[in-house]
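Please read them with the coordinates open.

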Amino acid sequence: INAVLFYIDWTGIQQMVSLPTCGFGFDANVGSATSLGGETDMRYRLTQDLTLGLSAGLTHATLNQGSAAVQAQKGAQVQGVPDWNATGSVEYAHPITRRVKGFLRANWAWVGKSHGSLIATDPDYNRPSYGVLGASSGIDFGKWELSVFGTNLTNDHIIIQRPNLQSVH
C-alpha cells in the first residue's frame, strides 16, 4: 500500500482561454492556484500467479484569484483537473519455463468530470467522466517482454472535449 497527501501552491499558472466570438484560443497567465488532495495505490497478491490492484486519487485544484481580462473567477476549478480518478487492475502471470512466464493483464481506468474552460458558457466547460478498459497478453523473458494489447475495448465513443471551432459566416 502506498499513500500520499499533497498541497501545491502554484504560481504563474497558465490556462487556455477561448475567444468566444471566433473560437480561437490562447494561453494566458491566470495568477496562482492551490491544489490539495491525496492518492493511494494498493496491490494484493491473491495467489502466487494472481495480483489485484486498485488506485484512487482526489484532487481539489482551484484558482486563488480572479482575472476579469480572461474571465477567470477566484475559486474556479483548474482546467483539466478532475476531482476524482481511479484504476482497478488484475494480472495473472504463470511460468512457462524456468526463465519465461506468460501473463494476462486487464485494467479499468476511470477519470471523473472536469472543466475544460474557465467560462461557463463555453461548450468545453463541462467535461464528462469516462472509463477506459484495457488488456494485454504476452510472454515475459526477464529483460524483454513480448505482448499484444488493446485499449478502449468497450469501444466507448464518449465525447470528452468540446472545443470551440472557428466558423465562417
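Which two side chains meet in a salt bridge at 3.4 Å, N to O?

1. Glu145 and Arg105 are the two residues in question, with 3.4 Å between N and O. The model is a predicted one. Glu145 belongs to strand β11 (residues 145–151) and Arg105 to strand β7, so the pair links distant parts of the chain, 40 residues apart. Glu145 has a relative accessibility of 40% and counts as partly exposed.

2. A salt bridge joins Arg105 to Glu91, and their closest N and O atoms are 3.3 Å apart. Glu91 sits in strand β6 (residues 84–95) and Arg105 in strand β7 (residues 101–111), so this pair ties together parts that are 14 residues apart in sequence. Arg105 is itself partly exposed, at 28% relative accessibility.

3. Taken together, Glu91, Arg105 and Glu145 form a network of salt bridges. Arg105 is the residue that pairs with Glu91 and also with Glu145. In general, side chains of opposite charge can pair when their charged atoms come close.

4. How many salt bridges does a search of the whole structure find? The search returns three. One of them lies between Arg127 and Asp124, where the closest N and O atoms are 2.7 Å apart. Are Arg127 and Asp124 buried or exposed? Both residues are buried, whereas Arg105 and Glu145 count as partly exposed. The cut-off for buried is under 20% relative accessible area.

5. On the charges as a whole, the protein chain carries 11 positive and 12 negative ones. The mean positions of the two sets are 9 Å apart.

6. Now the secondary structure. The protein chain has eleven strands and zero helices. Read from the N terminus, the order of elements is β-β-β-β-β-β-β-β-β-β-β. The radius of gyration is 21 Å, well over the 15 Å given by the globule rule for 169 residues, so the protein chain is more spread out than a compact globule. The C-alpha trace spans about 65 × 40 × 25 Å along its principal axes.

7. Of the 169 residues in the protein chain, 31% count as buried.

8. Contacts in sequence terms come next. Considering contacts between residues at least 6 apart in sequence, 53% join residues at least 24 apart. The pairing of Glu145 with Arg105, at 40 residues apart, links distant parts of the chain.

9. Two backbone angles deserve a look. Most residues other than glycine have a negative phi. Asn152, which is not a glycine, has a positive phi of about 50 degrees. Asn155 is also a residue other than glycine, and its phi is positive, near 55 degrees.

10. Where do Asn152 and Asn155 lie? Asn152 is in the segment after β11, and Asn155 is likewise in the segment after β11. Asn152 counts as partly exposed, with a relative accessibility of 29%. Asn155 is partly exposed too, at a relative accessible area of 49%. Strand β11 (residues 145–151) is the element that holds Glu145.

Key:
Residues numbered from 1 in each chain as written. Predicted model: local features only at pLDDT ≥ 70, side-chain atom pairs only at ≥ 80, totals over all residues. Heavy atoms only, no water. Helix = DSSP H or I, 4+ residues; strand = E, 2+ residues; numbered from the N terminus. Rg over C-alpha atoms; globule rule 2.2 N^0.38 Å. Buried < 20%, exposed > 50% of the residue type's maximum accessible area, 1.4 Å probe, protein only. Contact = heavy atoms within 4.5 Å. Lys, Arg positive; Asp, Glu negative; His and termini not counted. Charge placed at Lys NZ, Arg CZ, Asp CG, Glu CD. Salt bridge = Lys/Arg side-chain N within 4 Å of Asp/Glu carboxyl O.
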